[in-house]
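Subject: Structure for your files

Hello,

Here is the structure I said I would pass on. Please look it over before you read my notes.

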Amino acid sequence: MQKKKISCPIVRLKNLTWPEFDAASALQSTSSVEMYMAALQRGCKCLEIDCWDGDIGDEIIVYHGYSLTSRVAFDEVIDCVRQYVNNHPTTYPIILSLENHCSLPRQQKMAVLLKSKLGDRLYIPKSSDLWSDLPSPCELKGLVVIKGKRPPEPDNTDIVSKHDEDESVYDPYDEALRDPSPSTSCVAEQKKAEKSSGETINHELAQITLFHGCAFQSFEKSLSLSPSHMHSLNEAAIGKILSKAPSNAELWVEYNRRHITRIYPSGSRVDSSNYSPLLPWTLGCQMVSLNFQTADSPLIVNDGFFQRNGGCGYILKPKSLRGKDLSTSALLPNGPQTLRVRVVSGSCLPKPNGESDGEIIDPYVRVRLHDVVIPDIKKNGKGSNRFLSSSVYPRGNHHCARQVTTLHTTRCVLDNGFSPVWRQNSWAEFRVHNDMAVLQFCVRDKDYGNDESVAEAAIPVSCLRSGYRCVRLFDKHNTRSGPFDMATLLIEVEYLRPSLVEVDTNAPARIDANSLVE
């Protein structure tokens, strides 16, 4: 990754606009700065910080706006980031995505706090850096990079749209959360006055900002922007953009070769649930934000995906997403392959939630393939993969890129969590269409009424080789401590066609220190 600019890897991103512990509600919960440290320790390299004016003096607070979540101080969050970077001086860059709702005086204080607390750990771009190719992650090791807003240059007003004032996609659920309290009304009036004066961004804060968030209008306009300009899009915008024109998938990939795209959850996810990150990754989007407080299937896929490269939080995108070829064949594999998987046995499977008491479990395994299909519009004008009927988004349009999932379930083994053996010769067959596909294993306990999750793992297909393999299982926090320390599955893998994904057949059995499969 030494010579690759920062738009080439995929970055592990956590949706932390509100640092909460309680996953039951995104509207009212107890917040703590410790959640930021937990995210960094888990391998996240981009944190979202929702900044607002406080009620006392020049205080800056962090919380989910227009909600009842509790609040933490902005300077405490920066102290947390500084402590992590000081303890990990060779870490790949930490990106702070500032969702800035502060007035100009508070923005000035934000800039002062960032400079004073981070010191030489803060990356301050030169003016020439803003219009040249982005630096590589290796050049930014040990540094903190700021994503925010910059005022338009006087001679670039034709390129930087007036819509840059608000890069977010309109979401009616966000409007429904607004709280017309006196304090927020005062802030709104102050910001309205600042807009009328023509100045909404503090220049000192803009000078330390590398990534400038701007609104999406069309890829033709976006491709003309400098590499430091990036888009932040709501998850719902993915389906709208792809269904608008069949060529938008190719143009999006081309845009992401030099620029950055960040995807964030919809405001309708008040339960802090997650959407699948696979389709944005396949389009080359580098930052896909998830809610780490909810251990659902998308988060498990995300955890497994980033186990590669030593769990450093950065993964180099496949060649098809980095090359200069704009043809659809550069985005699609040469054809689907058939992957066959057979679950043979398990070992040292814990009870649900790692509990020490309770009945002996009756385990069975769900094997699910998460894949993305991008039709080749040049073959028949409508897409060559119409035989696939299941899709997540965009719904009702099978002529554009979409995610597909295939599920296989083993039989249940009664009263054996120590060494269950699935005595079956039947194989689970999966059609793999994309080299970003991920295979998920979920061990569950068969019970009357409600089956409980025991342990899970997710493995990128590009890391899965033929033969007998040992899959290491994790708890919902993506750790293997305590009862999960020895939990594994023995599987057999077979490809019916030569592998079309980038698999290193000469690699040792253990891919790296944090590998999921041996």
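This is a predicted model: local features need pLDDT of at least 70, side-chain atom pairs count only at pLDDT 80 or more; totals for chains, interfaces and linings use all residues.

Helix pair. Helix α1, residues 34-41, packs with helix α2, residues 74-87, at an angle of about 30°, and the two axes are 9 Å apart. Angles under 35 degrees count as roughly parallel, so α1 is roughly parallel to α2. Their crossing is right-handed. On the α1 side the contact is made by Y36, M37, L40 and Q41, and on the α2 side by V77, C80, V81, Q83 and Y84. Seven of the residues in this contact are nonpolar and two are polar, with no charged ones.

Sheet. Four strands form an open sheet in the order β14-β13-β16-β17, and the pairing is antiparallel. The edges are taken by β14 (402-409) and β17 (452-460); each has a single partner strand, so one side of each is left without a neighbour in the sheet. On average, and with direction ignored, neighbouring strands are turned by 20° against each other.

Within that order, β13 (residues 363-373) and β16 (residues 438-445) pair over eight bridges in the antiparallel sense. As for H370, its bridge partner in β16 is V438.

Helix across the strands. Helix α11, residues 297-305, lies across β13, β16 and β17. The direction of α11 is at about 45° to β17.

Regards

Definitions and conventions:
Residues are numbered from 1 along each chain as its sequence is written. Side-chain values use heavy atoms; hydrogens and water are left out. Axes are lines fitted to C-alpha atoms, for helices over the stretch in contact, and angles run from 0 to 180 degrees between N-to-C directions. Helices (H or I, at least four residues) and strands (E, at least two) are DSSP runs, numbered from the N terminus. Angles under 35 degrees count as roughly parallel, over 145 as roughly antiparallel, 65 to 115 as roughly perpendicular and the rest as oblique. A crossing is left-handed if the near helix is turned anticlockwise from the far one by less than a right angle, and right-handed if clockwise. Contact means heavy atoms within 4.5 Å. Ala, Val, Leu, Ile, Met, Phe, Trp, Tyr, Cys and Pro count as nonpolar, Asp, Glu, Lys and Arg as charged, and the others, Gly among them, as polar. Two strands pair if DSSP finds at least two bridges between them.
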